[in-house]
Amino acid sequence: MNLSEVLTFINDNKTPDTKKEVGVFLSVSLHTKGVRPKFKLDRGGMLFDNQDFIDDYQQIFDNYLLSRHPRESEVTRNWRLSQYKPFTRDPFLQITDIIKGAIFNDGQYTIQLPNKNDDEYIWSKSFLEFDLIGLFSNRILSLMLEDPNGYIVRIPSKPSYETTGEVQINVDYVCIKDVIRKPSTGDFIFYSRDRKFIYWINSNVIIRFIKDEQSGKWKLENENGYFAHLLGRIPANILGGRYETDGYYSSFLNKAVPVADEYVSNYSAKQMIDKEASHPYIQQMNIECIECDGEGKKQVPCPIDDLHPTGVTLEKCPKCKGRKYISINPADRFEVSKEDMDKPAIRIINPDVSINTYHQENTDKLFQKILDALNLTLIREAQSGAAKVVDQEKLYQFISGISTHIFDNLIYNTIKDIISYRNVRVNNGVTLPTDYEFTFVKPQQFNIKTAMDLLNEINETQTANLPIFIRRKMIGEFVDKRFSSDDVMQKKSKFIILNDPLFAFSTAELAQMQTISSEQIQFSQTLPMILDKIEVDLGQNFILEKSFDEIRTKVDELFKPIPVSNSSKKDEDVVTQ
């Protein structure tokens, strides 16, 4: 396509047929995002209407998940919509965190660029406040799972006519709903997330369009274009998932979506039944009003006239309000005959809750099926050893497929494009992008055991007297699992592993070592406290931002060994023996 054809195309509002792809995105993201339906308030207005694509999600709620029962009133329906809670979000987020921890643990992969500036760039906080791997771990992974037919695109952060020095790259997400033309056609055209721009990318150039305020038509933002990348390829990748024979991708989590949908419908029915059928009601003896003798009316004086010649009229009894019977309030006293003394005046009737119990058990089973579909069953401590091994194997295969896709396609191609953007060569007076080989080792194994499983294994290695290097490795795995979201703890643990050769020994084992100096033992035992003091005094940023050499210098300043005399050392040896 040339520029004129693209302008005609985008101003004619032509879009590809992405109905199936958009359906995948909406069906998965409704659960992963915790979307809530709109409902009308008694005094007008709607709640939860400020969510992205809320009208699309509302269609799903109204016509599928929470469709109206044929005899359901408007008031009841709005109450049911208002009671919806995104309970299904938790298992989807839980499996996302497990995948994240298994794939992106430090030590699981190796990425090294021979160009020092490029290497420092991908490990700097230059990608939405993350380094490159942090961006994939904290953002791209979740987007891939909920929108497998969306794209990531690598675009310079500034147009070429504003770029000075090294090129800075944005790794942006393009939602499938923002795609105007798929890159498989040779031209990738899409809206920016805020819909202020339209980008056209082919194998050589990036062009950006803005909307003319007067005509409402899209026009070229700058006659110089945006950026001539000259890569010979479109710097974008489809996020991907499980390929379907119809030519689109379903999510890696798609197996759990039908069960999650069924759970939403069943839980809403359970709420309605609990509301309508589970409350006790009161049966009360009829007690005649003593004020009107059970007549419901009482004579009261009134002016004499043609209608009331006797000067009295009948009005509702002020005590029973014309009902003929009175209510029994707490501490009220009323008289009954001797024959009725053994009869209860009030009975509380409890309804049959077997239907409620059935719905509760049914929804619980559906929630368990969600966990099974997401390979989360292994987290149950009550599982037998054999069952847990089977579930761990399923989870391992599940994570392995996702890891291969992310590293072999998304991360590898992203690094390749970043290198090409930032490195150029001149050929016959023409400036062209260049690339080079880099070290790229994707994860080969995934730690999918629970923290307790790892802790038990560490204890078993100590009991079995296995070599200490095995225990060191297992302790590192335990820290990665238990403190995967604590960057400070991770940094301190790595520092201890690198600087304390005794960290894996217990206090009892250290006491039995005759060839280790007391200063070494003191350093090993006080190092964690010294690091805690540095964190308190200098802040977490000092731990996170300083190099290991700088931290070691600070530790050496604070470490003050206590001298041990020969006599006391000798006494210790005697006691040990």
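Accessible areas come from the Shrake-Rupley method with a 1.4 Å probe, and for residues only the protein chains shown count as cover. By this method, the protein chain has an accessible surface of about 33300 Å², 50% of which belongs to carbon and sulfur atoms. The model is a predicted one, in which local features need pLDDT of at least 70, side-chain atom pairs count only at pLDDT 80 or more, and totals for chains, interfaces and linings use all residues. Residues are numbered from 1 along each chain as its sequence is written, and side-chain values use heavy atoms, with hydrogens and water left out.

Of the 577 residues in the protein chain, 40% are buried (under 20% relative accessible area, 1.4 Å probe, protein chains only). The chain holds 18 helices and 20 strands, taken as DSSP runs numbered from the N terminus (helices: H or I, at least four residues; strands: E, at least two). Among contacts (heavy atoms within 4.5 Å) with a separation of 6 or more, 66% link residues 24 or more positions apart.

Beyond its neighbours within four places in sequence, I402 contacts I99, I103, L141, M144, L145 and F252.

Now for the sheets. Five strands make up an open antiparallel sheet in the order β6-β7-β8-β9-β10, where two strands pair if DSSP finds at least two bridges between them. Because β6 (179-181) and β10 (218-220) are at the edges with a single partner strand each, one side of each has no neighbour in the sheet. Neighbouring strands here are turned by 30° against each other on average, direction ignored. Five bridges join β8 (residues 197-201) to β9 (residues 206-211) in the antiparallel sense, and I201 has I206 in β9 as its bridge partner. Helix α1 (residues 3-11) packs on this sheet, touching β6, β7 (188-191), β8, β9 and β10, and its direction makes about 160° with that of β10. Axes are lines fitted to C-alpha atoms, for helices over the stretch in contact, and angles run from 0 to 180 degrees between N-to-C directions.

Notes:
Buried < 20%, exposed > 50% of the residue type's maximum accessible area, 1.4 Å probe, protein only.
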